[in-house]
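Hi,

Here is the structure I promised to pass on. Have a look at it first, then read my notes below.

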Amino acid sequence: MENKTIARTLRLLSQLMELHEENPFKIKSIANAYFKVDKLPFALKDKPIAEIDKIDGIGKGLASKIIELLETGQLKELNEIVQQTPEGVVEMLGIKGIGPKKILIIWRDLGIETIGELYYACNENRLIEAKGFGLKTQEEIKNAIEFKLAANGRFLYAQVEGFAQTLFTQLSEWLGKTDKDSLLGFAGQYRRACEIIDELEIVIGADHIEAVKLNLPAFEPLTLIETENAFICTTEAGFRIKIHVVEKAVFYLQWFKLTGNAEHVAKVLALAGEGPFANEEEIYSKAGLSFILPELREDFDEIELAKTNRLPTLIRYEDLKGSLHNHSTWSDGVHTLEQMALYCKDNLNLQYLGICDHSKTAVYAKGLNEQRVFAQHQEIDELNKKLAPFKIFKGIESDILSDGSLDYSDDILKTFDFVVASVHSNLRMDEAKATARLLKAIENPYTTILGHPTGRLLLSRAGYPIDYKKIIDACAANKVVIEINANPLRLDLDWRWHRYALEKGVLLSVNPDAHRTEGFHDMHYGMLVARKGGLSADKCLNAFTLEEITAYFDSKKG
C-alpha cells in the first residue's frame, strides 16, 4: 500500500470520527498523522514494521493502524465507523469546501443523507437557514456538487442547454464563413429533449464537405479530433461533443437517423426507404405516417398513433395560464408572496399563482403551523383585492406521513383551495409500503395534486419504488391530478408514465416548485418532458383559464 493511500485512509478516519463527535484529541492525532504520512520521503511499505512507531509524529497507537493497513489492506476501526454512517454522508466528505462540522449539521439538523438531496436543498435555499451557513457558502457547495456530478460524464438537460445554444450559434457563424449554404441541426438526446444528456450531437450538411472537415479541428472554442464517423471532443467539464459532417444531399436522412432512438429510426425507414428526402416531413410522408416531432421519437407508441393520425397536439409554453406549487418566505422561499405573485402577473403574464408553502411537519423548511396558515390566508385575501383580476390560490404542500395520512386535520385542510400532497421523509420504504402510503394519501378527499410522486433526484437518487399503475389508477378513481415537477433535478412524474396516466383520464400539472422568482422558469423544463410524454393543453391543469381552474377547485370541494 502506497503512502498516499495510507494517508487518505487516516484522513477519512479522522473526518468520520469528527462527524461522530468522538474524542477531539484522538481526532487531532490521527489528522496530524495524515499530514505526516503524506509528506514522508520514504515508502512505509519498505520500512521494517518494528521501526514504524519510531517515526517522528507516529506513536504506538497510530503505528498499529498503519501496520494493520499494510498487512491487511483495511482498517477495522474505519470499517466499523463507516457502517454507522449513511453512504451518501461519507460521500459528502469528498465535496470541496465542506468539512465534517458542516456535514454534521447537514446530516443531523437538516436530515440530508445524500449529495443529491444536498444539491436540491441548495436549490431550495434551505442551507442558509442552518447555523454556520450563508448564501455564499450555499453557492460554493452547489458549484462543488455540480463539478462532482459532471465527473461522471452525464448531465441534466438544464445544465447543458445554455452551453449547447451558445455553441450552436458559434458553429452557425463559423459555417457562414466556411460553407455559407450549409445545413445545421442538433441531433440525439438533446434534440429529443431527454432529461439526461450523455453527449451533444450536431449534424452539418455541407456543400463543400472537405473544406468543412479540414477546418473543423481548428474550430474555436473546441479542439475537435476527427474519427471514422465524426469529430469529437470532451470539454473541461467532462461534456462529450460529437459533430457529424455529411453531404448536403443526405442531410435530412442522416439528421433523422441521428435524432430518433435506434428502434424508432429502423421502423420508420422500413416503411419509407432510404430516400433521397427533401426534408424530414417527407420521410414520414413516404412511410405513410403523420409527422412525428423529435421529442416523441422514442419507440413508445408514437408510430402506431402516427399511422392512424392520432398523435396528440403537444402542449406549448404559451398554453400555460398559471403556476401551481410554489413557495414564499412564509416557508423556505426567497421572495415574498407578493413578489412571487407580481412576477407571475407582470413578467410572465399569467392569470393566477398557486402558493404551496410547506406544512407543519417540514420544520426544516419553516413549515406553517395552523396559526400561520390562518395568517397567510389573511395576507392572500388582501393581495387578491389589490391584484385583481389576478388571483392567488390558497394551497399547501402537505407532507404525506409514513402511514399515508396528511399532516393537518380535515378542519384545516378544507380551508385551502387545493392541496399538493408530497413525500419528504422516510424515503427508504419498499415498493409495497411506499405504494400503500401514496394510495392512502390519494384517497384523502382533500388531496388535489400528488406532488413529485417518486421523490427522485436525477443523477443522484432513484426515488422510492412504487407500483406506477396502481398509483395512476387510484388517481383516476379519486380525481387526483399528478404533478410533473418541473425542477430539472426532479422532472417527476417520469415522462414514460404520462401516456398511461392520460389514457386513464388523469390530469397532469406542470409545476415549477419555485422557491424564488427565477424558479418559475423551470416550467420550461417541465414542458419539455410533458411534451415527451404526449401531454396536450386540455389535459394540463395549469393550462386551464382562471375561470376554469376556479370551477375545478370548487368542484373538488363540493
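First, a term you'll need: on a 1 Å grid over the protein atoms alone, a pocket is an open set of points where a 1.4 Å probe fits, with protein on both sides within 12 Å along at least five of seven lines, and its lining residues have an atom within 4 Å of a point. Grid points are joined across faces, edges and corners, and a volume is the space filled by probe spheres set on the points. Keep in mind that this is a predicted model, where local features need pLDDT of at least 70 and side-chain atom pairs count only at pLDDT 80 or more, while totals for chains, interfaces and linings use all residues. Residues are numbered from 1 along each chain as its sequence is written, and side-chain values use heavy atoms, with hydrogens and water left out.

On to the pockets. The largest has a volume of about 490 Å³. Its lining has 24 residues, and Gly 111, Glu 117, His 424, Leu 427 and Arg 461 are the ones nearest the centre. The second largest pocket comes in at about 360 Å³. Here 22 residues form the lining, with Asn 123, Lys 142, Asn 487, Pro 488 and Asp 522 nearest the centre. Helix α7 (115-123) gives the most to this lining, four residues. (Helices are DSSP runs of H or I, at least four residues, and strands are runs of E, at least two, numbered from the N terminus.)

Next, helix α3 (residues 60-72). What span should its 13 residues have at 1.5 Å a residue? The end C-alpha atoms of α3 are 18 Å apart, which agrees. Its buried residues (under 20% relative accessible area with a 1.4 Å probe, protein chains only) are Leu 62, Ala 63, Lys 65, Ile 66, Ile 67 and Leu 69. They pack against α1 (3-19), α2 (24-39) and α4 (76-83), where contact means heavy atoms within 4.5 Å. After α3 comes Gly 73, with a positive phi near 80°.

Last, strand β11 (residues 418-422), where five of five residues are buried. In a regular strand the side chains alternate between the two faces of the sheet. In β11, Phe 418, Val 420 and Ser 422 point one way, and Val 419 and Ala 421 the other. Two strands pair if DSSP finds at least two bridges between them. β10 (residues 391-399) runs parallel to β11, joined by five bridges, and Gly 395 stands opposite Phe 418. β11 also pairs in the parallel sense with β12 (residues 449-450), over two bridges.

Cheers

Technical notes:
The expected span of a helix is 1.5 Å times one less than its number of residues. Buried means under 20% relative accessible area, exposed over 50%, partly exposed in between (1.4 Å probe, protein chains only).
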